[in-house]
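Hello,

Here is the structure we talked about passing on. Please open it alongside this message.

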Amino acid sequence: MGGSAMPHLSLLEQALLTGVLTGGLYGLLALGLSLSWGLLRLVNLGHFAMALLGAYLTWWLGTSYNVAPWWAGLLVVFVFFFYGVGLHWVFMRFRVTEMASMLITFAFAVIVESTIQTIWTADFRRYETAWGSQSWVVGSLYVPKLNTIAFVVAGALAAATWAWLRYTYAGRALRACAEDPPIATAFGINHRGLSFLLSGLCAAFAGVAGVFIALIATLAPSEIWSWIGVVFAVVIIGGLGNPLGALAGGVLIGVCEAMTMAIVNPSWAPLVSFSVLIALLLFRPRWI
Amino acid sequence: MTGRNVWLRAGIAAVVGFTMSAIAPAQAQQPTGKPIRIGQTLSLTGGFAQTGLAHRIASEIFVERLNAKGGLLGRPVEYVVLDDQSKPDISRTLYERLITADNVDLIIGPYGTANILAAMGVAQRYHKVFIENTLGQPQLATYEWHFSATIGGPDATSTLPVKVLDAYASTGNPPKKVLIVASKFPSANDMAKGMERALKARGTEELGMLEYEGGTRDFNSIAARVKDADPDLMFMASLGVEGSQLLEALNRIGYKPKRHFYLYPSGVMAADPLADNALSYSAFEDVEPYISTPEGAAFAKEYDARAAKAGLPYPFADSQAGNEYAGWEILIAGVKATNSLDDKKIAEWLDKNEVENIEGKRDFSGRSHTTATDMQQLKQVQKGRWVTIWPLDKRTPGAQLVAP
């Protein structure tokens with residue numbers, strides 16, 4: 001250990017699986033941010049705050065009112081969609097630029113953090129469920145059920161969003177608007193309406209991520225900031241506005257982190273996401 | 001006056017006199033005058049809130065018992081507690097407020113190493129005697145009026161790991177392969193390095209030291225490493241719920257550590273079935289021999305009732321609560337001995353004397369006013385409760401170290 005001995009194959013297999021599944025959660029968080037940044041040209045730091053707010057709402061509804069997580073999730077996603085629409089109306093009303101959006105949403109994230117702390121205090125919160133500690137056993141591998149479901153949902157959402165953007169009129173129109181809004185508008189595309197729809201979807205994706213954060217992680221208001229670095233790296237590695245790229249970037253970072261923990265030392269894992277990002281930016285693969 | 005009346009009057013006088021004599025001392029003990037205000041911040045919200053609540057309950061019990069026994073210097077004591085949200089910067093600011101705006105007469109240190117170090121600077125600036133009960137790195141306490149209520153001696157990083165290894169060695173089956181899992185939080189990391197030194201000194205194989213950052217979200221990969229290493233003893237220098245999080249992650253991959261130690265576990269750990277046989281250190285528990293003294297027994301009984309009412313997951317007096325109570329006993333001993341609220345006089349008295357409290361008789365002759373020697377015990381989770389198992393003379397009657 002500590003790099004002196006070669007780890008066993010079973011350890012590497014388990015670490016690989018852990019990394020892939022953790023990457024699914026990264027991808028889920030990155031999805032809405034990537035679309036907002038790539039197609040609306042808005043860098044929405046409030047996305048993390050909304051994901052955590054979604055997590056708190058899921059936990060609160062579950063522990064205080066016995067609302068099952070999937071029903072709580074549906075409610076959160078529905079409400080968040082309209083929040084996203086409203087947020088975009090504000091951005092359009094005040095003609096917020098890409099850089100300004102980052103500053104405004106940073107302030108928004110701080111407000112959400114304080115609000116969460118005021119309502120639910122800064123204590124750690126854990127949503128205990130019967131299936132939270134359960135795993136499927138596949139050969140020598142233990143596959144955690146919740147993390148697997150989160151990965152499947154992340155994959156399904158990324159694939160569906162990719163297909164929507166690629167094969168539907170709305171999706172192609174959104175991509176055209178991202179390339180050149182005036183020309184797209186000249187061709188009769190309702191950019192305004194479509195951007196409301198996309199902003200709502202991005203916020204709804206934050207809600208979906210929040211449901212799984214509630215079920216998998218320990219909640220604290222300051223968790224908002226713990227995701228930002230790694231998810232930003234995922235978004236850039238995956239390519240702005242690329243749903244499948246967000247998932248792939250998440251898996252890449254998740255696997256690199258898990259392998260670092262398995263082969264080197266867990267304390268090195270936080271270095272991984274930005275090291276991978278810098279390496280990829282230096283070599284500039286085609287998709288970035 | 002008839003003979004009957006004389007006897008009647010004499011009888012009434014005797015009853016009244018007896019009653020008055022019984023009441024009189026109690027009335028004399030009633031504290032009067034302007035309250036003595038003693039201030040403290042605690043982590044009532046934030047990451048250490050569960051432990052902070054345990055400290056608050058212990059403080060409140062002490063002050064209530066003190067007032068019921070006549071107060072301090074004949075005056076009632078008022079406990080002023082503020083919430084530092086588990087954040088050192090807030091703790092520092094609030095101690096400024098306690099001393100300058102709330103005008104407390106005395107202060108008691110907060111919970112947790114970082115908060116204590118932040119508050120100690122304020123105490124030093126205002127020349128207040130500073131008694132704390134959870135400083136993990138006493139060598140950092142350079143303030144001359146700092147006094148530690150803990151009993152781990154001047155360097156627990158050298159003595160506690162040795163105790164752990166000695167305890168397991170006493171079973172005739174000492175651990176041969178030890179894996180250290182360590183938070184990078186300074187006091188925890190120091191203890192992990194102390195275990196490395198102890199292992200090296202006795203030639204026991206160290207399988208490695210897995211360090212992780214404070215605030216680590218995901219213990220799955222660390223759990224995979226532990227399972228892969230399969231140590232005889234997993235020594236985890238952890239804080240709060242981290243130990244429970246690792247145990248959950250280990251459970252998800254179907255692994256149960258054979259022998260396991262946790263440095264600063266949250267109280268809830270004992271209630272966790274996964275933590276069976278987990279080891280930690282202790283200075284006070286709601287079991288014999290600690291509750292063999294009247295003060296220890298009364299405190300433990302009252303604490304258990306209040307902790308259960310407050311919904312604490314482990315509603316029994318433990319080291320955290322005991323240390324807090326012991327800290328108050330030390331401060332009050334200093335005040336009573338000097339008959340003064342003068343911080344300088346109290347500090348000078350404590351510097352030269354020993355104090356008897358619920359954790360035993362202790363001195364302050366160690367570096368940074370710690371105990372001269374490490375007087376801590378080891379405790380183990382057995383059937384959902386912490387019981388003490390080491391050293392043998394401090395063992396809970398009937399308890400044996402379980403070392404599979």
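Below are the findings, starting with how to read them.

This is a predicted model, in which local features need pLDDT of at least 70 and side-chain atom pairs count only at pLDDT 80 or more, while totals for chains, interfaces and linings use all residues. Residues are numbered from 1 along each chain as its sequence is written, chains are lettered from A and ligands numbered from 1 in written order, and side-chain values use heavy atoms, without hydrogens and water.

**Cores**

The largest nonpolar core holds 79 residues. (Such a core is a set of buried Ala, Val, Leu, Ile, Met, Phe, Trp, Tyr and Cys residues joined through side-chain atoms within 4.5 Å; buried means under 20% relative accessible area, exposed over 50%, partly exposed in between, with a 1.4 Å probe and protein chains only.) Among the residues with the most contacts inside it are Leu35(A), Phe48(A) and Trp227(A). Helix α8 (residues 191–216) of chain A gives the largest share, 13 residues. (Helices are DSSP runs of H or I, at least four residues, and strands are runs of E, at least two, numbered from the N terminus.) A second, separate core has 61 residues, including Ala58(B) and Ile131(B).

**Salt bridges**

The whole structure has 18 salt bridges over all chains. (That is a side-chain nitrogen of Lys or Arg within 4 Å of a carboxyl oxygen of Asp or Glu.) Lys128(B) and Asp343(B) form one of them, at 3.1 Å from N to O. Lys128(B) is in the loop between α4 and β4 of chain B and Asp343(B) is in helix α11, so the pair ties together parts 215 residues apart in sequence. Lys128(B) is buried at 9%, and Asp343(B) is buried at 9%.

Lys163(B) bridges to Asp374(B), with the closest N and O atoms 3.2 Å apart. Lys163(B) sits in helix α5 and Asp374(B) in the loop between β12 and β13 of chain B, so this pair ties together parts 211 residues apart in sequence.

Glu302(B) pairs with Arg306(B) at 2.7 Å. Glu64(B), Glu302(B) and Arg306(B) are linked in a network of salt bridges.

**A hairpin in chain B**

Strands β13 (residues 377–382) and β14 run antiparallel, joined by 5 bridges. (Strands pair if DSSP finds at least two bridges between them.) The hairpin has 2 residues between its strands, and Lys383(B) in the turn has a positive phi of about 55°. Val381(B) stands opposite Trp386(B). In β14 (residues 385–390), 5 of the 6 residues are buried.
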